[in-house]
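Q: How do I read a ligand site and a helix packing in a model like this one? Let's take them in turn.

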Amino acid sequence: MRRLALASVFVAGACLVHVGAEDLTTFALIAVAVGCGWAGSAWRHDWKLWRLSQRLEIISGEGQEIAIADRLAENANGLEQALATIERRLIERHGVSGLPTREPLLEQMEQDGSGVLGTFALDDFERLAGFDPDLAERVLLEIVGRIVRMIPAERLIAHVDQAHFAIWYGKDIDPLLARSEIDAIAYALGGRVQIGPREILPSIATRCAALVDGVTPQLLLTRTLASFALDDLAETHELSDQAIAQVQHRYAMEQDLRGAIARNEFQLFFQPLIDANWQCVTGAEALIRWNHPERGSVPPSLFIPIVEASGLAEEVGLWVLNAAARQASEWEGGTAGPLRIAINVSASQLHDAKFAEVLSRTLHNHSLDPACLEIELTEGVASTDDAALARLFGKIRALGVKIAIDDFGTGYSSFSTLRQLTFDKIKIDREFVTDVHRRPQSQAICQSIIALGRGLDIRVLAEGVETTEEYRWLVQHGCRHFQGYYFSRPLSAVDFLAFINDRASLTALLQSSIPVPQIERITS
Ligand code: C2E
Ligand code: MG
Ligand code: MG
């Protein structure tokens, strides 16, 4: 029987070699478990053993916990009881940081009844993890280390979500003291983190909320975590009613968005892209519209940030890609001739290692010429100096799909982004196009971007052209590609085709801006 038990241990060791191999105490604990007859039942419930081993692996990171577990295993009346205690301990400890999880935090809040909750979020964790999960985890652990070093030992700090930490100040702690401690921690967490040769400047968001009558600890924590998704609440603050209403609204939108694809509520609109030299429409930017059954047409500026924050970006992005490819392929075979459709791609889509394959498969499925597709990325998405991103760009361009940089000039690193990555088109942001004919600063920016495009042999398009004056100034200063309400608003597919076919109107628009020659006064 004992031989059989030992053999089982080896089987367990082989299946989960990383569990016990380098940690004799853990290994011994599994042996005790098996030796006590638990293996018999574990073998019948394979999953349970697996789960036990996973738990033990986490324990092995903390010597003290193992010692407790060990003692329990030896002394407890039955191993089941010991395992239940171990399991409970592990539910209460976060697997990455080893900090208490939200359960003990909520318990303590419940017990105290009132107090102040300080919460910190490492904002760029997800983005960082997309490119380098190992680095993201090390930054997270550095942040944990900083918090732990700064707070008195008696404070309860919990790892409440992937990159969110909360500190609880019970009712006996002066709220002002709590507030100043939270402020100090927020300040310290923003300091530079050095991981090997890499320097990271963490972006930390902070919330400070009071537990008062009528709000349960669970609700307070949920609201606080949800509020991090709100862009406009960046600084430390109390959660106001307005903020809570915003969180609720956002939550409702998120719920609706989850079913929007299945309910066929998304639609693509197409805004014409104009080539002033060829005097024609060369393609369209595909812009998503959400036809909400109650809210009506919701603009992307309101729902795309929620799509991105709630992990729906890939699903929605895939829908856009397919809908655009289907439309482009239809146009390719029709009378309009080949037109290039540009789609907006978000950061999380790009962080998917399979993005190039997805593009390739979509082109194949719709039998679409790759030259008919362009992807638009904003500088924020593209500005990371990551080798993986450069490789992805290589793959996309090798497919024959074009890449444009959108909203150019609005960020801090526009020009350095161009040095690191290769683009086929630069889209000057509307901010510099609006009133360009009478704003010297915008003129300087537009002129330098146009010159840069010429120098690098990259197409330059002016976005958001609304007036003849703007268009005229840009044409006169060498800009050739245009998009904006001056030519057309985004249109449904049917209206877009009608726009293309109405060549006379477009010609009139293009020519109405040719400057009228000044007649010199002849003086005799
Ligand atoms: P964007 O990519 O820079 O798109 C241009 C936006 O400017 C569009 O707004 C367009 O309707 C608007 N626009 C174009 N010409 C003019 C003009 O002359 N005057 C003014 N005032 N506005 C003009 P829209 O459709 O509301 O989209 C806003 C943003 O939402 C887009 O900015 C893009 O960043 C994002 N977006 C739109 N569709 C998608 C999508 O399918 N996926 C993703 N990830 N983002 C999208
Ligand atoms: Mg765009
Ligand atoms: Mg843009």
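A: Start with the terms. Helices and strands are DSSP runs, numbered from the N terminus. The model is predicted.

Q: Which element gives the most to the shell around ligand 1?
A: Strand β8 does, with 4 residues. The elements that give two or more residues are β8 (280-292), α14 (300-309) and β12 (402-408).

Q: Which residues come nearest to ligand 1?
A: A residue is near if one of its heavy atoms lies within 4 Å. Of the 20 residues around ligand 1, the nearest are Glu 285, Asn 344, Asp 406, Glu 466 and Tyr 485. By class, the shell holds 8 nonpolar, 4 polar and 8 charged residues.

Q: What polar atom of Glu 466 lies 2.5 Å from a nitrogen atom of ligand 1, side-chain or backbone?
A: A side-chain atom. The side chain of Asp 406 also takes part: one of its N or O atoms is 2.8 Å from an oxygen atom of ligand 1. Ile 288 uses a polar backbone atom, 3.1 Å from a ligand nitrogen. The protein covers 82% of the 790 Å² of accessible area that ligand 1 has on its own.

Q: At what angle do helix α8 and helix α12 pack?
A: About 125 degrees, with the axes 9 Å apart. Angles of 65 to 115 degrees count as roughly perpendicular and those over 145 as roughly antiparallel, so α8 is oblique to α12.

Q: Which residues make the contact?
A: Helix α8 (residues 102-112) uses Arg 102, Leu 105, Leu 106, Met 109 and Glu 110. Helix α12 (residues 217-227) uses Pro 217, Gln 218, Leu 220, Leu 221 and Leu 225. The classes are 7 nonpolar, 1 polar and 2 charged.

Conventions: Residues numbered from 1 in each chain as written. Chains lettered and ligands numbered in written order. Predicted model: local features only at pLDDT ≥ 70, side-chain atom pairs only at ≥ 80, totals over all residues. Heavy atoms only, no water. Axes fitted to C-alpha atoms, helices over the stretch in contact; angles between N-to-C directions. Parallel < 35°, antiparallel > 145°, perpendicular 65-115°, else oblique. Contact = heavy atoms within 4.5 Å. Nonpolar A, V, L, I, M, F, W, Y, C, P; charged D, E, K, R; others polar. Polar contact = N/O pair within 3.5 Å; in protein donor to acceptor, adjacent residues only side chain to side chain. Areas by Shrake-Rupley, 256 points an atom, 1.4 Å probe, with all protein chains shown as cover.
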